[in-house]
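Subject: Structure handover

Hi,

Here is the structure we talked about. Please open it alongside this note; what I found follows below.

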Amino acid sequence: MPTARKSFWRLLTGPAGLCLLILVVAALLRIDGVGFGLPALNDPDEPLFMSTALEMLAGPTLNPGWFGHPGTITFYSLMLVVALVGGLGVVTGRFADFDAFAAAVYADPGVLFLPARLLMVAFGVACVWMTWRLGKRLGGERVGLVAAAILAVNAVHIEYSQIIRTDMQASLFMLLCAQSALAIARDGRRRDYLLAGLFAGLACATKWPAAVIGVTVVGASLYRWRLGAAPWRELALFGFAAVATLFIVSPFLLIDHATVMANLSGEARPLHPGATGGGLFANIGWYVGGPLFSSFGIGGLLLAAAGMLWGAGNRRHWIWVVLPFCLTFLLVIAVQSLRWERWIVPLLPFAALAAARALCALADLLPARRARAALPAALLLLLIPMIVTDRIEAAERRNDTRQLASAWLREHAPPGSRILIEHPAFDLLGDPWQLLFPMGSAGCVDVHDLLAGRVSQSDVEGRRNGGAIVDVGHVDMAQLDSCRADFAVVTNHLRYRADPVHYREELRRYDDLLAGGRLRLTVRPVPGVSSGPEVHVIEFAPAKPSGESRITGYD
């Protein structure tokens, strides 16, 4: 019996046990707060993905009808979630049929959005596991465990593991492709070229920029050529497998190519309020000084920078396979006209690997006895600020400015009021008001009528007037009177006012609509307490003596 206990203890404290512990921590951090904002939908892209999946299943059709990301794998995955949740609900008697299930989802999106977010959590945890596997190949168990631990507590990675988007799925396929590329560098087997092509195709079918992961395979092939091999046929096989996989899993890229081109042109906007870039070097500085610095901390960022060129493990495989991809991917996102925090997500596992390489190499400079104690201590010092950052940001996500505005409306807006609102405020559907939502060329439409009609995502795309956002700024001037209301809850006009030269027409609409209104509420995000945009609630009904209210957090 004592021998069995010792063996069990060795298993728990060995590499497999530590990896399991890291994965459990990663899962707990991503599950905690995963229902933030529900039933309201604070992320503007979540409704796009879920409504498209619902429409595809109701069709039924395998054509998403939208290919901006292109998001095909995500849509198909979400269709499975919809089918499982709806099917279970019908079988257990919770819903009479699929139509009743769809109606319940539109009334309370949390019924479906929470399971879908948990799917993204699973992909996020899988990325941590794959980071461990890549680190093991590059530098042994230590590098793998350290890299996985760093990614497990990374605040940006945790945040996007809780949102229904394409980022986590694309990242997982990219990591799988990178693993095959490392196997190519080591063995040069044709099987690994085929697997790399499969995963690259799946990654690209999920998110277009993920195609850059092919750089790892090119680098591995060049490394093999440098060793005397001639891998050109295998490299061509990789390309064929990647393209074939892309069109096999997403055949409507060819069948519905006109929609593909229209969606791509819509995604390639040069301007976006609050996300317009500043050129190559300004964008690189923004990514490094913004999401990378905030989620890794100064220590982690310095280690990641050092680990890109120096560190423990197989230096040649890193230099030939991983480093070219990291530099190419950063360059690709930095040359874009726009810049988004989420675009850095696929780079986070590789930054964690670089930091792990550097940290383990520093530990190797010490005598073996000291290194055994110094490495865990240094890792702990690195992880604690990262965990604190994540906990702060998780608390902020739970207290969004838009939900604070909703709470104010419940106290101050009389029953029967007409309320114009710019975000998907499903949390207000049960209240006794007429809710209006801006829909571009259609003007402002009644939300209850909109949901009863099940307006499709293609309809929204057609009515948004080419705008990056569905808001008052893109409502036809001829339809602006349809937006007149007793209260207006606006979240986007300040972003336009930050760049009045480029957004003159959008501001003209806001100024016309809001003229004569009385600012009743300003809700600003408070660091460490709440997050979200600055929200203004403007009243157009007769003035009341209570005066203007300003809420920046909880009283």
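Aromatic pairs come to 13 in this predicted model, counting rings whose centres lie within 6.5 Å. Take tryptophan 66 and phenylalanine 75 as one of them. Their ring centres are 6.2 Å apart, with 85° between the planes, which is edge-to-face. Tryptophan 66 and phenylalanine 75 are both buried.

Another pair is tryptophan 408 with phenylalanine 487. The centres are 6.3 Å apart and the planes stand at 70°, so this pair is also edge-to-face. Tryptophan 408 sits in helix H19 (residues 401-412), and phenylalanine 487 sits in strand E4, so the pair ties together parts 79 residues apart in sequence. Both tryptophan 408 and phenylalanine 487 are buried.

Phenylalanine 36 has arginines at its ring. Arginine 117 lies over the ring face, 4.3 Å from the ring centre. Arginine 397 places its charged end over the ring of phenylalanine 36 as well, 6.0 Å from the centre.

Next, helix H23, residues 504-514. Which of its residues are buried? They are Glu506, Leu507, Arg509, Tyr510, Leu513 and Leu514. These cover an arc of only 155° around the axis, which puts them on the same side of H23. The spacing follows a general rule: an α-helix has 3.6 residues a turn, so residues three or four places apart point the same way.

What does the buried side of H23 pack against? Its buried residues meet strand E1 (418-421), strand E4 (487-490), helix H22 (493-497) and strand E6 (535-539). Strand E4 is also the strand that holds phenylalanine 487, the partner of tryptophan 408. After H23 comes glycine 516, with a positive phi near 85°.

Last, please look at asparagine 154. It lies in the loop between helix H7 (141-152) and helix H8 (155-160). Is asparagine 154 buried or exposed? Its relative accessible area is 0%, so it counts as buried, the cut-off being under 20%. The side chain of asparagine 154 reaches the backbone nitrogen of valine 156 at 3.1 Å. Leaving aside residues up to four places away in sequence, asparagine 154 touches Ser295, Phe296, Leu348 and Met386.

Best wishes

Technical notes
Residues are numbered from 1 along each chain as its sequence is written. This is a predicted model: local features need pLDDT of at least 70, side-chain atom pairs count only at pLDDT 80 or more; totals for chains, interfaces and linings use all residues. Side-chain values use heavy atoms; hydrogens and water are left out. Buried means under 20% relative accessible area, exposed over 50%, partly exposed in between (1.4 Å probe, protein chains only). Helices (H or I, at least four residues) and strands (E, at least two) are DSSP runs, numbered from the N terminus. The arc is that of the directions from the helix axis to the C-beta atoms. Contact means heavy atoms within 4.5 Å. Rings of Phe, Tyr and Trp (its six-membered ring) pair if their centres lie within 6.5 Å; planes under 30 degrees apart count as stacked, over 60 as edge-to-face and the rest as tilted. A charge sits over a ring if NZ of Lys or CZ of Arg is within 6 Å of the ring centre and within 35 degrees of the ring normal. A polar contact is a pair of N or O atoms within 3.5 Å; within protein, one must be able to donate a hydrogen and the other to accept it, and residues adjacent in sequence count only if both atoms are side-chain atoms.
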